[in-house]
Amino acid sequence: MSDQTGTQASAGQASDQAQTWRDDFSRVLSPVFGSPQLDLVRGAGVHAWDASGKEYLDLLAGIAVNALGHCHPAWVKAITEQASTLGHISNFFTSPPQIALAEKLHEVLDLPSGSAVFFSNSGTEANEAAFKMARRAGGGSRPIIIAIEGAFHGRTMGSLALTAKAAYREPFAPGVPGVVHIPYGDVEALAAAVNDTTAAVFIEPIQGEVGVRQHPAGYLTKVRELTREAGALLVLDEVQSGVARTGSWFAYQDPDIGEGVVPDIITSAKGLGGGMPIGATITVGDANTKLLEAGQHGTTFGGNPIACAAGLAVLETIETDNLLAHTRETGAWLREQLLTIDGIEKVTGTGLLLGLELAAGLDEKAIAARALEAGFIINPVAPGRLRLAPPLIITKDDLAPFLTALPGLLHG
């Protein structure tokens, strides 16, 4: 067989394999995500491989989840040891990993006495718990919860009500009442909305799903000022931006992002488990912790020992491997390189959560498809925008092939 014939046969074989798993997927799994792009079978570090053996540089990390990349030794060790010791125990009991992870979160957030962590299984669940706390804080006289245009807080019913995109909410109308969406970055609209009927304001320090967008300077400060004056809660959704993603433990701790603001509640997930499902709702101070009493909320799987062991391994590895500084430095370097490339008008975000604003006429979906074909996983997050959220362990050498290929990917 000639080389050309062999190559054609291999391509045909790969095509047949792809059609097989696509057929299998459509036969047995829900169609809510559409047809998957790849059948990934293995990962190591910043790379993943599909069923045909093709290698990809993962620049999305499971949507900012795989903080340590794929199959990091410390993460694998923690999960393996915990799985062989104690798996699931329900919420009737606690375990050493659950307590240790909560203690570590208290430490990295420098929480005051009386603060507490409630573990769940995802970001949307973390926000649901915060939503219920806001309802308790508001009582009958404060029915309004405020969210910001462009926000994404999840897809369960409470979190969905906070999510801005009408296409996500409208099929499930009437939805949860009492949520008001105000224009992005508009201080006057904010001041008009926050009053003595407001229970809480939910806000992401960096909005991920609209293309990685930070609020205008002074905006978070104004949110905190107005909520404090009105006696309302400030809830910071750090599901995507937390756990070192921006080069700080949580984005609001960066003075250029959080402006020194101290929230009442913080929600976390994604990178916290490094690939294991976990969410956390963190109350700041005793008064906020007491918003939910025993029996008013719960979860069967929340605080699972294996998920908590994974989370602890993530936080400890970030610390011991100095990944906060690495994320800041690598992200700043990557931003500089991206801004030299024709077709990229602007780079938003910070650390290793970056949005690429494309020149007019460039199609983000076509670019992402070409990138995937070339072996790079990126995300066409919004019209005219691409999102990069690679593993925090990624290096300049890892990124070099992507930067070399990017001009051709942009312009086809």
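Is Glu81 buried, partly exposed or exposed, and at what relative accessibility? In this predicted model, Glu81 counts as partly exposed, because its relative accessibility is 42%. The side chain of Glu81 forms a salt bridge with that of Lys77, with an N to O distance of 3.0 Å. Both residues belong to helix H3 (residues 73-83), where a spacing of 4 residues places them about one turn of the helix apart.

A search of the whole structure returned 10 salt bridges. One of them joins the side chains of Lys222 and Glu225 at 3.1 Å, N to O. Lys222 and Glu225 are 3 residues apart in helix H9 (residues 219-230), so about one helical turn separates them. Lys222 is partly exposed, with a relative accessible area of 24%, and Glu225 is also partly exposed, at 35% relative accessibility.

The axes of helix H4 (residues 96-109) and helix H12 (residues 305-320) approach within 8 Å and cross at roughly 35 degrees. The crossing of H4 past H12 is left-handed. On the H4 side, the contact is formed by Pro97, Gln98, Ala100, Leu101, Lys104, Leu105 and Glu107. H12 contributes Pro305, Cys308, Ala309, Gly311, Leu312, Leu315 and Glu319. By class, the residues of this contact comprise 9 nonpolar, 2 polar and 3 charged.

Helix H5 (residues 123-138) was examined for its length and burial. At 1.5 Å a residue, its 16 residues should span 22 Å, and the end C-alpha atoms are 22 Å apart, which agrees with that expectation. Buried positions in H5 include Gly123, Thr124, Ala126, Asn127, Glu128 and Ala129. Ala130, Phe131, Met133, Ala134 and Gly138 of the helix are buried as well. Just after H5, Gly139 adopts a positive phi of about 60 degrees.

Gln207 is located in strand E8 (residues 206-207) and counts as buried, because its relative accessibility is 1%. When residues up to four places away in sequence are not counted, Gln207 touches Ile148, Glu149, Gly150, Ala151, Tyr184, Val212, Arg213 and His215. Ala382 is located in strand E16 (residues 379-382) and is likewise buried, with a relative accessible area of 11%. With the same exclusion of residues up to four places away in sequence, the contacts of Ala382 are Glu209, Val210, Gly211 and Glu364. Ala382 and Glu357, 25 residues apart in sequence, are separated by 9.5 Å in space, C-alpha to C-alpha.

Several backbone features were also noted. Most residues other than glycine have a negative phi, and most peptide bonds are trans. Ala61, although not a glycine, has a positive phi of about 55 degrees. Ala61 lies in helix H2 (residues 61-64) and is buried, with a relative accessible area of 0%. Ser90, also not a glycine, has a positive phi of about 75 degrees. Ser90 is placed in the loop between H3 and H4. At 18% relative accessibility, Ser90 counts as buried, because the cut-off for burial is under 20%. A cis peptide bond, with omega of about 10 degrees, joins Ala173 and Pro174. Pro174 is found in the loop between helix H7 (166-169) and strand E6 (179-182).

Methods
Residues numbered from 1 in each chain as written. Predicted model: local features only at pLDDT ≥ 70, side-chain atom pairs only at ≥ 80, totals over all residues. Heavy atoms only, no water. Axes fitted to C-alpha atoms, helices over the stretch in contact; angles between N-to-C directions. Helix = DSSP H or I, 4+ residues; strand = E, 2+ residues; numbered from the N terminus. Left-handed = near helix turned anticlockwise from the far one by under 90°. Contact = heavy atoms within 4.5 Å. Nonpolar A, V, L, I, M, F, W, Y, C, P; charged D, E, K, R; others polar. Expected span 1.5 Å × (residues − 1). Buried < 20%, exposed > 50% of the residue type's maximum accessible area, 1.4 Å probe, protein only. Salt bridge = Lys/Arg side-chain N within 4 Å of Asp/Glu carboxyl O.
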